[in-house]
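Morning, everyone. I'll take the pocket, then the packing. Have a look at this one with me.

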Amino acid sequence: MLERATSDTMPAWGRLLAHVVVWALGLAFLVPFLVVVLNSLRTAQEIAQGSMIGWPENWAFLNYSEAWSEFCVAQTCTGLQPFMWNSAAVTIPATIVSTLLGAVAGYAISLWRFRGDTWIFGLVTLGIFLPQQVRLIPWTFVLRDIGLINTLTGLVVIHTIQGMSFTTLFCRNYYVSIPQDLMKAARIDGAGFFRTFFRIVLPLSPPILIVTVIWQFTHIWNEFLYGVTFTNGSQQPVTAALIGLNAAIADVPQYGVQSAAVVLAALPTLLVYLFGGKYFLRGLTAGAVK
Amino acid sequence: MMSVHRRSVLAGAVGLMAAPLGARAQAAKPRLTAISQWSAGSDGAAITALGKKFEERGGVWQHSPVPGFTTDMMNKLRAQIISGDPPACSQLKGPEIAAWSKIAPTVNLDATVAAAGYEKVVAPDLARLHKPGGKWSALPLQVYRTNTLFLSKRAMDKAKADKIPTTWAQFNELGEKMKAAGVPYPVANGGARADDGQKFEAVLAGISPSVYRKAIMELDDKALASPEVRAAFAQLRKIADWMDPNTAAQHFSVFLPRFVAGEMGMLIQGGWAQGVLLNGGFKLDDFIIAPGPTDNGKPVFVLNADAFIFWQRKEADLQAGQKLMAELVMMPEIQTMYSQITGSIPVRTDVNLSGAGWSAGQVEAARTLKEAVAINQSVLSLAHNMAQENGITAAMIDVLTEFVKNKAITPDQAVKRLGEAVASAR
Amino acid sequence: MRRAPELLVIWVPLLLAAAHIVVFTAWTVWISFTASTLMPVSEFVGLRNYTSVLATRNWKIAFDNLFIFGGGFVAFTMLTGLLLAILIDQRIRGENVLRSIFLYPMAVSFVVTGVVWSWLLNPGMGVQKLVNDLGWAGFRFDWIVDREMAIWTIVLAGVWQAAGFAMALLLAGLRSVEPDLIKAAQIDGAGPLRMYTRVILPTLWPIMVAVLVILLQMAITTFDLVRALTGGGPGIATQLPALVVYDFMFQRGQIGRGAAAAVLMLLTLLGVLVPHALFKYARRRRAANA
């Protein structure tokens, strides 16, 4: 990081150009979210009578309080708030458990080699290519048989098991770059599977664990299909409530309040990215994904 | 909890032995579990109002809305059926009622329907859809006409026109007039698949309701290849040429400001568009509502209806709830309340719409329905999944939406493709 | 006995994860040969579902689009990510802010941003209208209503979402290039261009493969984006296999055909992955023999 010899070879005008290009791109990347934020401050009528994209005429800050605690989905007029907790109740445990299991599995596959490890790793990794629409009906049968249909626990189970495809992939690829010498030393000291994991591997892991947590958190938080199929009314995740706000056919969609709800629902993932982002890069720099 | 459970098991056993529910089931406090898509807007308000009525009669109302597309609601329903726990009733419409009632047992509502003398006040096509195998197992809630013509007042003024077109020839004349007078797009539209299908069905039903019945509802091969279907495609091409090519996949409501401003002239939509216009802050004198053009000069009604299907449950309280719900949705005053909230018209053709709370458009549509039923000119909507099961509907709409979006396809090619799509989906 | 807990921790979750993939895939293959409509049934119908899926225009269009979209999305995301990474690596002011800006699209669900993109790309209300209103009346940006070009709007929005992720990984790679390597090249008199193409980029190869896998995964499972952005239109011009699968299974109530489409999609994927695996295997063999 200290020796950035490549950039030193850049002439001054080159660096200026780089600044212009990268900041222009940055602004362009912001536009879609900016449109949502601006709409969240416009009234429904203003949007219905004008255009979808525009500057607020009257700043409708009340959209936010309405989105948070007032609007109604069917008879329950609680706003987004309880649904945010539902999402958290699924996302947080599923993220933590799937990350830990993925870390142990990745460690076992990469450093503790065992018979059939390549095969099982290949199979688990192939799972990332299996679209979740295809898994919907099989999961219904599984949830019925284990008695977890219409429970948040059922969703946690699904996201944990499915999530292991990604978490195992990420962690295994990271642990592969841990020198075998370290492992040998540990083994000579007589350290077992768990001792080695906790003493040597885990302290080296924060970067990749953060990457994995960010990935899992955003995917589970933003998931809709399972969330709406495997829950009932008041247990629904926040994505379902968001779409519930989008009165589909017979009404003017409430774009103002809807946009405010979108911003609120996106806050947790945005914050995770903002705070985690720093570590995300640090994690990757340490050779995370190879 | 425990006592309710035990009682319901007991009553369920009794119910199984004796088909007529009798006094025993009546003793339980009626409870209804329901799933629907109606989570917000006037749909949400209407179902909530219905729930209040249910509670007023001592029932326990447990509605859980499934937001999103109809497929999301169906996925939920499938999951509940698989887990052996179907809702007491759920939103379902058209031929899907018959299809789904094959995968899980439904309630036989014949006695309740007969007691209400309901069958004779419901359009025969509609009644047929809700009694698969000859037994009532579902009930329609409300009716919409999909071939409603909305005219922009300002576009009419621009074109110096005051006559409402009643045939497709007059429609075309007015379109030319508007175009010449500087209305950039004589036809307003949305970009969703259903929008394209809806225009086709309005045209074909207007050209010949009997061919529509044969071709679209009965999938008669000869009718599907008939000159009328070809003429409908030619008319659809005309309409497509008059639409803003830039709508992409936007909802039709996005373009209503331009429609009202007179940049777009004529909108072929369901009756619900009236509510959308009014909720968007526009006034009743910004637009004119009229029945869709019909070439034989007699009323044609392309029918769309929302409905609830009732799933068999053993619990006495749910059975009592189903009976109460069925009785409620057949009542004229409940249908009046429901339609006045959503802007639809009542299922019953004998409801009096002269009272307060009805718009001129609703009164006209209800009258047209009655007249169209009497002369067998009421047909079922294709675009809104009333005419065919979803698999065939989707295959047909594929052809229609491609035809609208691709000007290189000729009406003859389209007729051929429509036939092929039907054959491959069957 | 001593190894029981570790066996439990390694094998139980891994086996669950692998088993759900194997069983669900096998189930889907089985269902694709049955007459399943609204519910899975076991009546065998041979290849009938395959012949009817292959005969539909939807599938043909979706299959072609998979290659256009997959190729375009992966290539442009990689290029954009690389460009951003190289630019940001030039000691840009506000690097932290920029990194967050480029990464945030990954945090927000397409159920949300897809709608905004559909507005921005709509010629009547988005970018084209803005430029037209600014005075350049002849400016056209109407891909979304053009049957040939519409698929590229999906590529564009997809690149916007994933480019930051590629950037982060590649930036991490750039930062871990050995300074000595760069110094040596400088002594040889290599200019900035030569430096990147000959010295730095080759060391990024492993990271690029990792990015490739993740992007490929995204390309194949793309679903929400299309549903929110074009709804598969104009007409059926932007269908993708994942949409066709969902459409048959759940919209059309033809689960058997949907399963057949899913199997065809997975076979296509294998067609890409198997040669890659064979190539890797052959190379390893050659390296071992050498």
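Take the lining of the largest pocket, by residue class: 24 are nonpolar, seven polar and seven charged. That is in a predicted model, so keep this in mind. The lining has 38 residues in total. Nearest the pocket centre are A:F121, C:H276, C:A277, C:K280 and C:R284. The space inside comes to about 1,800 Å³.

Which elements give two or more residues to that lining? From chain A, we have helix 5 (81-111), helix 6 (117-126) and helix 8 (152-175). From chain C, helix 10 (205-221) and helix 13 (255-289). Helix 13 of chain C gives the most, with 10 residues.

A word on confidence. Chain C has a mean pLDDT of 89, and 98% of its residues reach 70 or more. For the model, ipTM is 0.88 and pTM is 0.90.

Now the packing. The largest nonpolar core holds 219 residues. Which residues have the most contacts inside it? They are A:L80, A:Y107, A:Y175, A:F230, B:F259 and C:L14. Helix 7 of chain C, residues 150-175, supplies the largest share of this core: 16 residues.

Zoom in on A:F230. Leaving aside residues up to four places away in sequence, A:F230 touches chain A residues including A:L136, A:W139, A:L143, A:I149, A:L155 and A:I158. A:T140, A:N150 and A:T151 are also among its contacts. From chain B, A:F230 touches B:K76 and B:A79.

Last item. There is a second, separate core of 109 residues. Among its members are B:V113, B:L139, B:M156 and B:L224.

Definitions and conventions:
Residues are numbered from 1 along each chain as its sequence is written. Chains are lettered from A and ligands numbered from 1 in the order in which they are written. This is a predicted model: local features need pLDDT of at least 70, side-chain atom pairs count only at pLDDT 80 or more; totals for chains, interfaces and linings use all residues. Side-chain values use heavy atoms; hydrogens and water are left out. On a 1 Å grid over the protein atoms alone, a cavity is a set of points where a 1.4 Å probe fits but cannot get out, and a pocket is an open set with protein on both sides within 12 Å along at least five of seven lines; lining residues have an atom within 4 Å of a point. Grid points are joined across faces, edges and corners, and a volume is the space filled by probe spheres set on the points. Helices (H or I, at least four residues) and strands (E, at least two) are DSSP runs, numbered from the N terminus. Ala, Val, Leu, Ile, Met, Phe, Trp, Tyr, Cys and Pro count as nonpolar, Asp, Glu, Lys and Arg as charged, and the others, Gly among them, as polar. pLDDT is the predictor's confidence in each residue, from 0 to 100. A nonpolar core is a set of buried Ala, Val, Leu, Ile, Met, Phe, Trp, Tyr and Cys residues joined through side-chain atoms within 4.5 Å. Buried means under 20% relative accessible area, exposed over 50%, partly exposed in between (1.4 Å probe, protein chains only). Contact means heavy atoms within 4.5 Å.
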